[in-house]
Amino acid sequence: MRRTLKPLFLYLAVAGIVIWTIAPYLWLIISSLSWKIDLLTVPLRWIPTRLTLENYYSLFFDRGGESVNVQLFIHSLGNSSVIALFTTTICLILGVLAAYAIARLRFKGSNFLVLGMMAIQLVPPIILVVPLYVIMRQMDLLDKRIGLILVNTSIVLPLVIWLMRGYFASIPTDLEDAARIDGCTHLGALMRVILPLSGPGLVSVMIFAFIASWNEYLYAFIFTNVDAKTLPVLIGEFSTKLGLEYLRIAAAGVLASLPPVLLALAFQRFIIRGLTAGAVK
Amino acid sequence: MNTSTTKSRFQLAFDNPRILGLALSAPAMLAILSVVLIPLVNSLWLSLQQRDLSRPQENAFIGLKNYVDLLGDPRYLNSLQATIKFSSFSVLLEILLGVAIAVVLNQNFRGRGFVRGLMILPWAMPSIVNAAMWKWIYNADYGALNALLTQLHVIENYQVWLANPQSATILVILANVWKETPFTVILVLAALQTIPDDLYEASRVDGATEWQSFLHITLPLILPVLMIAALLQFIWGFQTFELVYIVTGGGPFSTTELTTLRVYATTFRSLRFGYGAAMAYLTSLIVLIPAIVYIRSAYRKVVEL
């Protein structure tokens, strides 16, 4: 009795977990592919009989008199991409150098810096938003992509340094020592020995940085207005202002979630290792 | 010849770990300093002043007056209570669900890798899409929640869930739990995999039930990880903004108005920058204790490395 019941319970539990995890997102995708009229029927039909790309088309091509401004959507998509790519690149370069310094060079205060990186990740963004707004207004950085790149880079850097430092620390020092004996400088050892061995670490850090920047909402919401508006901010505006345009919001939401979701699913091993790096040893 | 020796001396100096270490970490530290640390201090200074953009002639240093005012500000205290409620219940559910899911996913079954991979999905979703998604699901007229519950005959008529203080609070927490639970699952799953099978074998030989071995073997061994997950998620709960801003806008009757929304309204709607900064600081004091506990446990790991 127990032997047949246990696998049954197990598979029921697994089914429950799968449904709980994908059902909301699946519903968003189905909604984005549906005709409005089909979703307004009561009782609701869960699997639509006909699908359409109309909601997606209307985000990219002007269909006259529609309330979603096509230019605005394409512009925000571009802003989000540019900001996330620059943030990722700058974070990678600055983060690798700093992490190498902290992991290998043990200079004065390096232990303190590691701890600082942990602590900074806990600072609530809402505290920083007000003074940053004042500073950025004085420096004429509001509503500029470069402003958000600067902010996102600094916010993501502590995590990048923390993860990269852990990765460098896990590489044995023997090879590096051998290179040093052969007359290599520290920087030379980093470039020729450590970095070629750090592929997985670099990939995971890039994905974390990209996702963090792409998904960031609060700073973009406060610091941008028109020119530098990002996709999350636009989606936020859609869903507070366009009360009835649910399906178009769903389409925009699916598009905005695809890059981080696909990246995370494709590189899940790296992400899981990164997420557990701080907590599980 | 002279130049080559000075060059090599320069190279030598630059290869000195202390100098190189500082040089390599300087750019990153400068960025963090200017965007995090300077505003952090700046904000503290701002919180001690009256700084209303609408009344610049009254700008003044007022010491702790903003903080004293906050302690008697019913709207702020209400938002603080809402935030504590939101964070505590979120953490409780995320831990309970997270452990349960992790234990199931640690069993042997077909497609285990796939199901584990799915856990990444809610984590990777932009929080704004999560907010828009749940707002659509909770929609009173066409939402999936109403459709599901009527078809299951749990309710007879469509409800305006977000207009009721109690259900609005529960549903906002649920949306948060959906997105944040996978983080706990991933951490706990990693911890479960470090527990050797021998321990379970031994307890089975001793006649322990599965529940007993969970209580006496699994739980104590994953407790440190659970602590960290709970601390982090409590802290993140206090940082939640867009979910509530989009789904309920803080309503109904300010029941879901978290402190972040209050700070936003005070600063950028009422333009009271000093008071807003004080509000952000006072609220952060509450998460300071879990934050210190977290950093201390992290520090122990750093020292061990």
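Reader: Hello! Into which domains is chain B divided?
Author: Welcome! This is a predicted model, in which local features need pLDDT of at least 70, side-chain atom pairs count only at pLDDT 80 or more, and totals for chains, interfaces and linings use all residues. Residues are numbered from 1 along each chain as its sequence is written, with chains lettered from A and ligands numbered from 1 in the order in which they are written. Domain bounds come from an automatic or database domain assignment, and for chain B they give domain 1 (2–47) and domain 2 (67–304).

Reader: How many residues does each of these domains of chain B give to their contact?
Author: Taken over C-alpha atoms, the centres of domain 1 and domain 2 of chain B are 38 Å apart. Residues are in contact if their C-beta atoms, placed from the backbone, lie within 7 Å. The contact takes 4 residues from domain 1 of chain B and 6 residues from domain 2 of chain B.

Reader: Which residues touch the most other members of the largest nonpolar core?
Author: A nonpolar core is a set of buried Ala, Val, Leu, Ile, Met, Phe, Trp, Tyr and Cys residues joined through C-beta atoms within 7 Å. Buried means that 20 or more other C-beta atoms lie within 10 Å of a residue's own, with 12 or fewer for exposed and partly exposed in between. Of the 172 residues in this largest core, the ones touching the most other members are Y100(A), V160(A), I161(A) and I235(A).

Reader: How many residues of helix α12 of chain A are buried?
Author: Helices are DSSP runs (H or I, at least four residues), numbered from the N terminus. The buried residues of α12(A) include I235(A) and F238(A), and their cover includes α4 (70–105) of chain A and α7 (127–137) of chain B. Helix α12 (residues 231–241) of chain A is mostly covered, the buried count being 8 of its 11 residues.

Reader: How are α10(A) and α14(A) set to each other?
Author: Their axes, lines fitted to C-alpha atoms over the stretch in contact, with angles from 0 to 180 degrees between N-to-C directions, come within 9 Å and cross at roughly 85°. Angles under 35 degrees count as roughly parallel, over 145 as roughly antiparallel, 65 to 115 as roughly perpendicular and the rest as oblique. So α10(A) and α14(A) are roughly perpendicular.

Note on methods: Helix = DSSP H or I, 4+ residues; strand = E, 2+ residues; numbered from the N terminus. Contact = placed C-beta atoms within 7 Å.
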